[in-house]
Amino acid sequence: PKVNNMQNDSKQTESAGAVSSTRLLGHGIPAMVLDVESIGLHGEGYAVGYVVIVDGNEVEADMFACPGGMAEGVDSDRLWVYENIPALKANSPDAFTVREKFWRRWQEWKAKGALLAADCAWPVEARFLAACVDALPDERRFAGPYPLVEISTWMMAAGQDPMKTHVRLESELPQHNPLADARQSARLLMEAIEVTKSEWPNAEAHRSAPTETLKAPKP
């Protein structure tokens, strides 16, 4: 009957336009979200926190930190850190060990298909990751995050201002604790993806549509 055909067509359209969880960050694709505390914007990172999100749930979380005095940085930045960053329990002797501990966890999750994400990754997280690679450049030059997912971009796509102060859950406190900050960043990322995924175009239709040649604007 014609009605049944129309219903089938409708179901096929919905199915073709649906977002597959196997391709979704934080679901089919594990999301590893990191946050780094450093001596100023361009000083050495001395603490890193991370969470891993799989199927929408946190499945792993940890923090590695050394005494702030073991990280390089200018005195004026060091003063700001001491006045604003909460005391962090040191479980590493120096900044190098902090990076090595994190790098091992990242490599294990990368092997499982994870993507790495950070909120406003330049310059703190970007410098931290570059320092990880610089420790063994021949071995690690192609082992970094590619792509490094920028959470602030997802938030802007969802209509949110990534620069404003966002309300924190109890598990996301205190501010400037890298594990708490990573948890907040992961939640904001998942919320932004949830908002934007409903706006994604029909993947099947997009692949089958003819590609139009871009034309240069008329002078």
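Leaving aside its neighbours within four places in sequence, which residues is Arg168 in contact with? With contact meaning heavy atoms within 4.5 Å, Arg168 is in contact with Leu173, Pro174, Gln175, Ala180, Asp181, Gln184 and Arg187. The structure is a predicted model, in which local features need pLDDT of at least 70 and side-chain atom pairs count only at pLDDT 80 or more, while totals for chains, interfaces and linings use all residues. Residues are numbered from 1 along each chain as its sequence is written, and side-chain values use heavy atoms, with hydrogens and water left out.

**Overall composition**

- The protein chain has eight helices and five strands; helices (H or I, at least four residues) and strands (E, at least two) are DSSP runs, numbered from the N terminus.
- Read from the N terminus, the elements follow the order α-β-β-β-α-α-β-α-α-β-α-α-α.
- Of the 219 residues in the protein chain, 40% count as buried, where buried means under 20% relative accessible area, exposed over 50% and partly exposed in between (1.4 Å probe, protein chains only).
- The accessible surface of the protein chain is about 13200 Å², and 55% of that surface belongs to carbon and sulfur atoms; accessible areas come from the Shrake-Rupley method with a 1.4 Å probe, and for residues only the protein chains shown count as cover.
- Among contacts between residues at least 6 apart in sequence, 68% join residues at least 24 apart.

- Five strands form an open sheet in the order 3-2-1-4-5, with mixed pairing; two strands pair if DSSP finds at least two bridges between them.
- Strand 3 and strand 5 (148-150) stand at the edges, and each has a single partner strand, so one side of each lacks a neighbour in the sheet.
- From one strand to the next, the twist averages 25 degrees; axes are lines fitted to C-alpha atoms, for helices over the stretch in contact, and angles run from 0 to 180 degrees between N-to-C directions.
- Helix 7 (residues 178-197) lies across strand 1, strand 2, strand 3 and strand 4, and runs at about 35 degrees to strand 2.

- Eight of the eight residues of strand 1 are buried.
- In a regular strand the side chains alternate between the two faces of the sheet.
- Both faces of strand 1 are covered, with Ala31, Val33, Asp35 and Glu37 buried on one side and Met32, Leu34, Val36 and Ser38 buried on the other.
- Strand 1 pairs with strand 2 in the antiparallel sense over eight bridges, and Met32 stands opposite Val52 in strand 2.
- These two strands form a hairpin with six residues between them, and Gly40 in the turn has a positive phi of about 75 degrees.
- Strand 1 and strand 4 run parallel and are joined by three bridges; the bridge partner of Ala31 in strand 4 is Leu115.

**Helix 3 and Arg105**

- Helix 3 (residues 95-111) has 17 residues and reaches 25 Å from its first C-alpha to its last, close to the 24 Å expected at 1.5 Å a residue; the expected span is 1.5 Å times one less than the number of residues.
- The buried residues of helix 3 are Ala95, Val98, Arg99, Glu100, Phe102, Trp103, Arg105, Trp106 and Trp109.
- Their cover includes strand 1 (31-38), strand 2 (45-54), strand 3 (57-65), strand 4 (115-118), helix 4 (124-135) and helix 5 (137-140).
- Arg105, in helix 3, counts as buried because its relative accessibility is 17%.
- The side chains of Arg105 and Glu60 are joined by a polar contact of 2.9 Å, a polar contact being a pair of N or O atoms within 3.5 Å; within protein, one must be able to donate a hydrogen and the other to accept it, and residues adjacent in sequence count only if both atoms are side-chain atoms.
- Not counting residues up to four places away in sequence, Arg105 touches Met32, Tyr50, Glu60 and Phe64.
- Just after helix 3, Gly113 takes a positive phi of about 95 degrees.

- Arg168 lies in the loop between helix 6 (151-157) and helix 7.
- The side chain of Arg168 reaches the backbone oxygen of Glu172 at 2.6 Å and makes a polar contact with the side chain of Gln184 (3.4 Å).
- Asp75, in helix 2 (residues 75-84), counts as exposed because its relative accessibility is 65%.
- Asp75 and Gly40 are 35 residues apart in sequence and 9.4 Å apart in space, C-alpha to C-alpha.
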